[in-house]
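Hi,

Here's the structure I promised to pass on.

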Amino acid sequence: MKNSISRRDFLKGSAAAVATAAVAGVLGGCSNNSSSSDNNQPEQKVDYNATSNTGLCNVDVASMDAWEADVAVIGGGGAGICAAIAAAEKGANVIIMEKVGYLGGATILSGGKIPATGTEEQIAYGETDDTVGANAQDILRPNNYSVREELVYTVCENAKDMIEWTKSMGVNWSIMDSLYYGQSAHRMHFAEGSGQGMTTKMIEHLNSLESITVKLSTAVEGLLLEGDTVIGCYGKDDAGKAFALKAKNVVLASSGFGNNEEMLQKYCPEAVPAVKIVAAGATGEGIKWGEQLGAELACMGAYQGYAFHNVDNDTTSDQGLANNGAIFINEQGRRFCNEYGGYSELTPHILAQTNHICYLTFTDIQAEKCANFQTWDEAGIVFKGNTVEELAAAIGVDAATMTKTVNAYKEGITKGEDVFNRTKLPANFDGPYYALKITGEIRHTQGGIATDVAAHPLRADGSVIQGLYAAGGCTEGFSSGDGAAYMSGNGLLQAMIFGKIAGINAATETRGDVKAVTWTKSEIDN
Ligand SMILES: Cc1cc2nc3c(=O)[nH]c(=O)nc-3n(C[C@H](O)[C@H](O)[C@H](O)COP(=O)(O)OP(=O)(O)OC[C@H]3O[C@@H](n4cnc5c(N)ncnc54)[C@H](O)[C@@H]3O)c2cc1C
């Protein structure tokens, strides 16, 4: 890994023109306009347009440090790390810029779980008949087949390669024993050490590669343009010094907008009250730059939620309780949905209740299978009652209504027919009773710049934005057209596989000549 690039290195190359360029007009709102910029001097030569958070503008690249690379990668999470490594493997010199002080983004916070078929691990587990098509259908089912299937099939076809590629970097994978909710086979690969373990191994590998320069605490502020072609990016380095980076191609891997309140309000309003367990850097500017360049945005209302967050000690709660028979009781003492569901899909149901909360209510049957029960009990966040009436008093809901609700659930268990169509019911729901006060989390947004299967950003007319590639949370995704539908693993599949594809193509394609790649479903996919 190279940690810096000198101005002299940069000036040696064709990028010298950038360093000598001057800027005149400012089209409005650019945060980095130099004081030499002057709207009243239109006769001055404008060399570079740029994108900014607020609109297309011109930047004074002459006053900035000049950097150069074959491939510039914006964002150092899963998509960016994969893009940088893949580009370096193709012989490119890469600069990866990360605006916070460490690599990893949401990827290092993640569970490190990826569904893949036909891997050594899955075969050894004894799951020998699983297929790419079954994986794809499991991803498409929760969103009612509302997303682009070519994106889904591309990640499913490449998931095995991703497991093997990351293994070559030192990541250890095992198959999860429990059949993951919504997955028709044991295919959930779980990284040793979760997302932290997985990402740390990948970062170690990245750091060992001479041709990759890592720039931490380096915020990219926009893209450099020549006409409508992307030729680099600009921003501020860790010392606050402005830089302009000229590259043969740029990979946008800047994630979604989970940490941007305004964008959440605009695109995912029902998720606004959720607790934010998101990457600090997920503020959405990359999506805005794409939009300014004419890229189509898609699935902007899609997000990954998580329905189980303990309100009383601000920790992530346990979905296993609900899977094993716990029910949701709202402040009115009523159930409101089938609690045996996807953790993301359940989130808006809870957020829609009074005060955006409910009580995850259970008995000893569920408590005995909950590894954290004792910890939470000791922390004092478990409400208790020997009877429903006692628990109702402890949580402050109407006892008569709650008793009616619990009795109806018990009757459903006896009949084998639940009012909310729960298919997984416990043997009984007899007291003593317990409850945890929970709310929903938002973890990641799932919509953004539309791309083809080769990570080329697309305009509405299907044309490609030359010089730019996009992967991960800043792209369209395939979790849902809108809302919280999400198959576990979609986030990492989207980030890591399209990150790798973006890196390979950014290193090997010549901007100006790039055409959108069309995809046809093959017979073997199903
Ligand atoms: C708690 C949690 C658990 C999860 N578990 C799973 C799981 O088990 N399986 C799964 O598939 N998905 C999971 N996800 C979702 C998954 O983590 C994300 O979908 C995925 O990591 C997104 O990767 P990314 O590279 O697009 O974004 P990130 O990993 O967030 O990386 C983007 C990076 O870009 C940086 N950046 C942004 N703007 C700029 C800029 N202007 N200049 C420079 N840098 C910039 C950010 O700071 C950030 O570090 C989980 C998410 C969370 C929060």
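Let me start with one methionine. Setting aside residues within four places of it in sequence, M263 is in contact with F257 and G284. Bear in mind that this is a predicted model. M263 sits in helix α9, which covers residues 261-267. It counts as buried because it has 20 C-beta neighbours inside 10 Å, and 20 is the cut-off for that label.

Next, the ligand. The shell around it has 41 residues, and the closest are G77, G105, G281, G472 and G491. Elements that contribute two or more residues to that shell are α3 (78-89), α4 (105-109), β9 (219-226), α10 (285-292), β19 (433-445) and α17 (490-508). By residue type, the shell splits into 21 polar, 15 nonpolar and five charged.

Finally, a sheet. It is open and has three strands, running β5-β7-β6 with antiparallel pairing. β5 (113-115) and β6 (173-175) are the edge strands; each has a single partner strand, so one side of each has no neighbour in the sheet. From one strand to the next, the twist averages 35 degrees. Between β5 and β7 (residues 188-191), the antiparallel pairing is made over three bridges.

Cheers

Terms used: Residues numbered from 1 in each chain as written. Predicted model: local features only at pLDDT ≥ 70, side-chain atom pairs only at ≥ 80, totals over all residues. Helix = DSSP H or I, 4+ residues; strand = E, 2+ residues; numbered from the N terminus. Buried ≥ 20, exposed ≤ 12 C-beta atoms within 10 Å, placed from the backbone. Contact = placed C-beta atoms within 7 Å. Pairing = 2+ DSSP bridges. Axes fitted to C-alpha atoms, helices over the stretch in contact; angles between N-to-C directions. Near = placed C-beta within 6 Å. Nonpolar A, V, L, I, M, F, W, Y, C, P; charged D, E, K, R; others polar.
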